[in-house]
Amino acid sequence: MDAFTVHTGTAAPLHRSNVDTDQIIPAEYLKRITRHGFEDALFASWRNDPEFVLNLPQYEGSSILIAGPDFGTGSSREHAVWALQDYGFKVILSSRFADIFRGNSGKGGLLTAVIPQDAIEKLWEIIESSPATPVTVDLQERTVTAGDYCCDFEVDDYVRWRLLEGLDDIGITLEHADAIAEFERNRPSFKPVLN
Amino acid sequence: MGRTLAEKVWSDHIIHEGDGLPDLLYIDMHLVHEVTSPQAFDGLRATGRPLRRPDLTIATEDHNIPTVDVDKPIADPVSRIQVETLRKNCEEFGVTLFPLGDLEQGIVHVVGPQMGLTQPGMTIVCGDSHTSTHGAFGALAFGIGTSEVEHVMATQTLPLKPFKTMAINVEGKLPLGVSAKDLILAVIAQIGTGGGQGYVLEYRGEAIKALSMEGRMTICNMSIEAGARAGMIAPDATTIEYIKGKPHAPHGEDWTHALSYWETLVTDPDAKFDKEITIDASSLRPFVTWGTNPGQGLPLDQSVPDPQSFSDPVERKAVENALAYMNLVPGQPLKEIAVDTVFLGSCTNGRIEDLRAAANVIKNRKVARGVRLLVVPGSTRVRIEAEHEGLDQIFLDAGAEWRGAGCSMCLAMNPDKLTPGERSASTSNRNFEGRQGPGGRTHLVSPEVAAATAVRGTLSDPTDLVEV
């Protein structure tokens with residue numbers, strides 16, 4: 001995983017709450033067995049609407065998505081994270097993320113930064129009046145800056161550390177291999193096993 | 001101070017305490033299916049890591065598979081490749097797989113409990129958000145993404161931040177004709193789709209204790225729709241009776257040891273939850289969703305709400321969007337909404353008790369003209385049991401389609417889909433836009449309401465039916 005420190009790019013406003021992972025990527029696209037190539041699947045059904053925000057020329061090439069509350073609810077499909085990344089998004093801003101989606105994002109290197117809904121609305125206003133405004137997300141300082149506006153964001157400390165360092169979770173866990181083996185030796189025999 | 005059920009199971013699985021960082025937890029059982037695993041197996045191959053515990057890993061084919069012609073090769077080539085990939089991966093890494101056509105095949109969350117692989121006090125994960133189902137046994141069970149699937153394959157552990165705990169106290173008795181599904185839809189409508197975020201829910205109280213294991217699984221299954229990764233119910237005599245004699249239930253001395261451990265798996269009287277809510281079961285009625293998330297629901301005897309009655313602008317916008325998508329008008333009585341399809345099945349309501357409840361309503365009646373009723377058992381064993389009881393014949397006589405086991409129209413990855421604009425009453429768990437097929441409109445209901453709706457052609461509960 002690549003390390004994440006500071007990202008600057010343009011942003012797209014998504015005026016929706018409860019954006020579930022079926023909207024981010026419909027189940028039809030989950031039949032693929034690869035980890036890449038999902039950009040065409042992102043928001044597939046909404047993209048049929050010419051007025052959908054990602055179809056508007058002023059938001060072309062944006063890498064930061066600014067969404068309403070409860071982003072990423074529903075299915076655990078990590079394909080949602082891959083589709084957002086394949087499309088070019090590096091950061092999602094929302095006042096609240098669903099737990100599994102947020103966890104999946106952290107594993108894949110997509111930053112989910114939590115800011116209050118009034119900050120979301122302020123950013124929507126700035127972006128909509130001037131879509132070319134560069135937005136800077138600084139993970140070290142935990143800030144979002146757009147023009148003169150700046151606010152702090154929340155992110156889990158552990159996720160932040162892993163993103164800053166670009167660390168692989170499995171590698172970290174395997175440093176505890178002896179403790180895992182010791183735990184296994186003491187597991188009760190009544191726990192089910194398959195033969 | 002005392003501990004909650006969730007805290008007990010958590011602490012019994014800690015390998016390494018994180019001290020502010022995540023704890024490293026041992027995983028007792030890893031359930032695998034074709035959709036969220038191929039990239040994880042690829043990850044193992046790319047890093048040269050073995051799958052640590054094939055004996056604690058089990059796979060089934062459910063999400064993507066057809067429910068007709070199950071003895072023939074899968075017609076959709078993309079689906080077929082994914083299913084064949086699972087077969088090759090399980091072979092290569094030594095994982096037990098129940099493929100299409102196997103007696104044990106079915107939806108992963110129906111298969112685990114029926115084999116006795118789901119037991120109290122276990123940690124259970126799966127690359128599927130409805131893993132919360134297994135919490136009905138007092139297990140800590142939750143859905144994970146594909147990176148975590150690979151992590152569990154490689155290490156049999158997960159690094160996790162402790163959850164907060166929330167008690168859902170359901171006091172009193174459910175009235176006759178009100179099911180576990182109605183109860184959980186009412187809970188989600190009350191706390192919202194984000195209300196459980198960061199929490200493990202523990203369902204408690206008289207109405208929960210009175211539920212069968214099937215009903216408890218329906219409740220825990222939909223915890224994720226309230227934003228909670230896991231829901232739990234303390235094991236009791238009902239739980240033990242269900243597990244006893246199942247193929248993987250403990251035997252002999254192990255059974256005795258298991259029982260004495262399971263007895264400890266209750267929330268201590270002096271334990272404190274981070275949050276508690278109380279619901280009066282006796283006030284509940286059959287419940288249905290009108291919108292595009294599971295929190296947008298009302299008792300079936302009410303009407304489509306008016307967006308103007310919502311004061312929060314974000315919520316009002318969400319209601320306007322939902323009504324536009326669902327093609328509903330404010331004030332329309334819910335019971336006047338006509339459906340095209342009724343889907344009975346899924347990991348929420350595809351167990352034998354659900355099929356019995358629906359069959360009981362539809363017996364000696366006919367599916368309304370122009371309505372399609374699709375009955376999809378949760379597992380092959382459920383299908384066989386239902387056929388043994390003659391339930392298949394009741395559904396067929398009514399004019400329903402009787403299918404093979406799988407996830408089917410719950411998520412429409414296989415050919416069972418709604419067409420654009422088509423409307424369903426569905427016993428599944430998600431009414432998201434397009435969930436059951438692009439442009440499809442979904443109303444979530446209980447098996448009893450599904451059956452009554454199939455007969456009348458409009459959203460209905462069994463008391464709306466003419467006596468036969």
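Predicted model: local features only at pLDDT ≥ 70, side-chain atom pairs only at ≥ 80, totals over all residues.
Local features need pLDDT of at least 70 and side-chain atom pairs count only at pLDDT 80 or more, while totals for chains, interfaces and linings use all residues. Residues are numbered from 1 along each chain as its sequence is written, and side-chain values use heavy atoms, without hydrogens and water.

**Exercise 1.** Locate Ser446(B) and state whether Ser446(B) is buried or exposed.

Step 1. Ser446(B) sits in the loop between β19 (441-444) and α16 (447-456) of chain B; helices (H or I, at least four residues) and strands (E, at least two) are DSSP runs, numbered from the N terminus.

Step 2. The relative accessible area of Ser446(B) is 1%, so the residue is buried (buried is under 20%, exposed over 50%, partly exposed in between; 1.4 Å probe, protein chains only).

Step 3. Beyond neighbours within four places in sequence, Ser446(B) is in contact (heavy atoms within 4.5 Å) with Ser179(B), Lys181(B), Asp182(B) and Thr427(B).

**Exercise 2.** Describe the salt bridge of Asp301(B) and Arg285(B).

Step 1. The N to O distance is 2.6 Å; a salt bridge is a side-chain nitrogen of Lys or Arg within 4 Å of a carboxyl oxygen of Asp or Glu.

Step 2. This pair links distant parts of the chain, 16 residues apart.

Step 3. Asp301(B) is partly exposed at 47%, and Arg285(B) is partly exposed at 33%.

**Exercise 3.** State how Glu387(B) and Arg383(B) are placed in helix α14 of chain B.

Step 1. Their side chains form a salt bridge at 3.2 Å, N to O.

Step 2. The two are about one helical turn apart because four residues separate them in α14 (residues 380-388).

How values were computed: Chains lettered and ligands numbered in written order.
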